[in-house]
Amino acid sequence: MANQTLGFGATFTWNGAPVAGLTKIGGVEITTEAVEITTHQSASMFKQFIAGLREVSDISIEGYFDYADSPGQLAMKDDSAAGLSRSCTIAFPAILGAGWTFTAFLKNFK
């Protein structure tokens with residue numbers, strides 16, 4: 001079995017600032033569109049496909065609102081209202097040595 005560990009200790013940053021008070025950081029799911037390229041000359045009458053465009057699912061984060069977290073939560077709220085995209089990072093616990101860096105906008109701030 002692969003090395004297993006809890007996600008406890010993972011962090012999320014918005015525009016370079018850590019976001020405080022988080023209780024859940026959702027996973028990243030990447031899907032690839034299947035593009036059909038079947039022709040009348042396709043072998044054995046099987047449909048043929050190639051990999052198409054890729055898409056990353058929505059990533060949800062949850063936590064407690066912290067009115068003192070100006071560079072994190074309040075900046076996210078303000079950027080959401082302005083429709084701005086920002087650089088984000090999900091850093092997994094150090095034992096995993098992994099993370100995701102991406103550009104995102106907020107679809108919902110609650």
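**Sheet, core and pocket in a predicted model**

User: Why does T89 count as partly exposed?

Analyst: The relative accessibility of T89 is 26%. Buried would require a value under 20%, and exposed a value over 50%. The value for T89 lies in between, so the residue counts as partly exposed.

User: Where is T89 found, and which residues is T89 in contact with?

Analyst: T89 belongs to strand β7. With neighbours within four places in sequence set aside, its contacts are T11, F12, T13, W100 and T101. S42, by comparison, is 47 residues from T89 in sequence and 44 Å from it in space, C-alpha to C-alpha.

User: In what order do the strands of the open sheet lie, and why do β2 and β8 stand at the edges?

Analyst: The open sheet has four strands, in the order β2-β1-β7-β8, with antiparallel pairing. β2 (17–18) and β8 (99–104) each have a single partner strand, so one side of each lacks a neighbour in the sheet, and these two strands therefore stand at the edges. Helix α1 (residues 70–82) packs on the sheet and touches β1, β2 and β7. The direction of this helix makes about 50 degrees with that of β1.

User: Why does Q73 count as buried?

Analyst: Q73 has a relative accessibility of 7%. Buried means under 20%, so Q73 falls in that class. Its place is in helix α1. Apart from neighbours within four places in sequence, Q73 is in contact with V19, A20, G21, Y64, F65, D66 and F109.

User: What makes up the largest nonpolar core?

Analyst: The largest nonpolar core has nine residues: F12, W14, V19, A75, M76, C88, I90, A104 and L106. At least two of its residues come from each of β1, α1 and β7. C88, one of the core residues, touches F12, T13, W14, W100, T101, F102 and A104 when residues up to four places away in sequence are not counted. As a general rule, nonpolar side chains tend to be buried together in soluble globular proteins.

User: What is remarked about the phi of N15, and how exposed is N15?

Analyst: N15 has a positive phi of about 55 degrees although it is not a glycine. N15 is found in the loop between β1 and β2, whose hairpin has two residues between the strands. The relative accessible area of N15 is 44%, a value between 20% and 50%, so N15 is partly exposed.

User: Why is M45 called exposed?

Analyst: Exposed means over 50% relative accessible area, and M45 has 81%, so M45 is exposed. M45 lies in the loop between β4 (30–36) and β5 (49–56). Like the phi of N15, the phi of M45 is positive, at about 60 degrees, although M45 is not a glycine.

User: What lines the largest pocket, and what is its volume?

Analyst: The volume of the largest pocket is about 910 Å³. Its lining consists of 30 residues, of which I59, S60, I61, L106 and N108 lie nearest the centre. β1, β6 (61–63), α1 and β8 each supply at least two lining residues. β8 gives the most, with five residues.

How values were computed
Residues are numbered from 1 along each chain as its sequence is written. This is a predicted model: local features need pLDDT of at least 70, side-chain atom pairs count only at pLDDT 80 or more; totals for chains, interfaces and linings use all residues. Side-chain values use heavy atoms; hydrogens and water are left out. Two strands pair if DSSP finds at least two bridges between them. Contact means heavy atoms within 4.5 Å. Axes are lines fitted to C-alpha atoms, for helices over the stretch in contact, and angles run from 0 to 180 degrees between N-to-C directions. A nonpolar core is a set of buried Ala, Val, Leu, Ile, Met, Phe, Trp, Tyr and Cys residues joined through side-chain atoms within 4.5 Å. Buried means under 20% relative accessible area, exposed over 50%, partly exposed in between (1.4 Å probe, protein chains only). On a 1 Å grid over the protein atoms alone, a cavity is a set of points where a 1.4 Å probe fits but cannot get out, and a pocket is an open set with protein on both sides within 12 Å along at least five of seven lines; lining residues have an atom within 4 Å of a point. Grid points are joined across faces, edges and corners, and a volume is the space filled by probe spheres set on the points.
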